[in-house]
Amino acid sequence: MARPNDPDINFRLPKVPFPLIAAVLVVASFALIPPAMALLSRQSYKPRPRVHLFQGMDHTVASKPQESSVVFEDERAMRPRVAGTVARGELREDDHFYRGFKVVDGETEFFRGFPEGFEVSDRTMLRGQKKFDTFCYPCHGKDGYGKGPIHQRANWLSARDPGNNSWVPPSNLHTIDPTSGQLQYGSELYEDGRMYNTITYGIRNMAGYGHVINEEDRWAIVLYIRALQRSQNAELVDVPADRVEILGR
């Protein structure tokens, strides 16, 4: 039986051959290259997209409005509606909300009041005020009397060149109808749906804004115009009780 202190016995394991050690080090070094490259790619920015092995639909050709496109035969990036089809979720059956009128026996009948589901509140009225001040104020003025900055500018130009006066003044939303004595553009003589339709498609020289103001905001503008008209013809009984004292100060 061998003893640990026997000088004739070598208890050390044989050395690993150097070529084997070198091979292991080389393989280990190469194995670190892929994760190192992946880490470098995640931390760096390049002008070209990174390698994407599985394309799927992750990357598609994107075009901005009014740009041309080589994808379609007519080279238009903006695609027109396909005739005879309705996009999902855009059936728009509610005549009151989307059009402001309905056709009864071939006759156009404008709706009075606001469509079902439209929130009549201070919030939507303030939203309407914001939109009115953006799109309507330049001609109608903030108070709706039709004396906005564009009208004043047109009057100034007309005064300089009276022979070239083709300006049609914007409507005064507070005009009194001489026959009935009511507001010409109030809800009694000018239905809410008609006002909505006017904002959508325009009237006389006024352009339509249906393409830049969505339906909800168009109704909000109608609501604000009604509040604006009411404010110019309000009586003391229209003022909330907790505000009457403030008016007397």
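Which helix does R218 lie in? R218 lies in helix α6, residues 215-232. The close-ups below come from a predicted model, in which local features need pLDDT of at least 70, side-chain atom pairs count only at pLDDT 80 or more, and totals for chains, interfaces and linings use all residues. Residues are numbered from 1 along each chain as its sequence is written, and side-chain values use heavy atoms, with hydrogens and water left out.

**View 1. R218 is a buried residue of helix α6.** Helices are DSSP runs of H or I with at least four residues, strands are runs of E with at least two, and both are numbered from the N terminus. R218 counts as buried because its relative accessibility is 4%. (Buried means under 20% relative accessible area, exposed over 50%, and partly exposed in between, with a 1.4 Å probe and protein chains only.) The R218 side chain reaches the backbone oxygen of I213 at 2.7 Å. Leaving aside neighbours within four places in sequence, R218 is in contact with Y196, I199, T200, G210 and I213. (Contact means heavy atoms within 4.5 Å.)

**View 2. Helices α3 and α6 pack against each other.** Two packed helices are described by the angle between their axes and the distance between the axes. Helix α3 spans residues 122-140. It packs with α6 at an angle of about 95°, with the axes 7 Å apart. (Axes are lines fitted to C-alpha atoms, for helices over the stretch in contact; angles run from 0 to 180 degrees between N-to-C directions.) The pair is therefore roughly perpendicular. (Under 35 degrees is roughly parallel, over 145 roughly antiparallel, 65 to 115 roughly perpendicular, and the rest oblique.) Residues that meet include F132 and C136 in α3, and Y224 and L228 in α6.

**View 3. Strands β1 and β2 form a hairpin.** Strand β1 covers residues 101-104 and strand β2 covers 107-110. They pair in the antiparallel sense over four bridges. (Pairing requires at least two DSSP bridges between the strands.) V103 stands opposite T108 in β2. Two residues separate the strands, and D105 in the turn has a positive phi of about 50°.

**View 4. M78 sits in a loop.** The loop runs between α1 (18-43) and α2 (95-98). Is M78 buried, exposed or partly exposed? M78 counts as partly exposed, because its relative accessibility is 41%. M78 touches P65 and Q66, not counting residues up to four places away in sequence. P49 is 29 residues from M78 in sequence and 25 Å away in space, C-alpha to C-alpha.

Terms used
A polar contact is a pair of N or O atoms within 3.5 Å; within protein, one must be able to donate a hydrogen and the other to accept it, and residues adjacent in sequence count only if both atoms are side-chain atoms.
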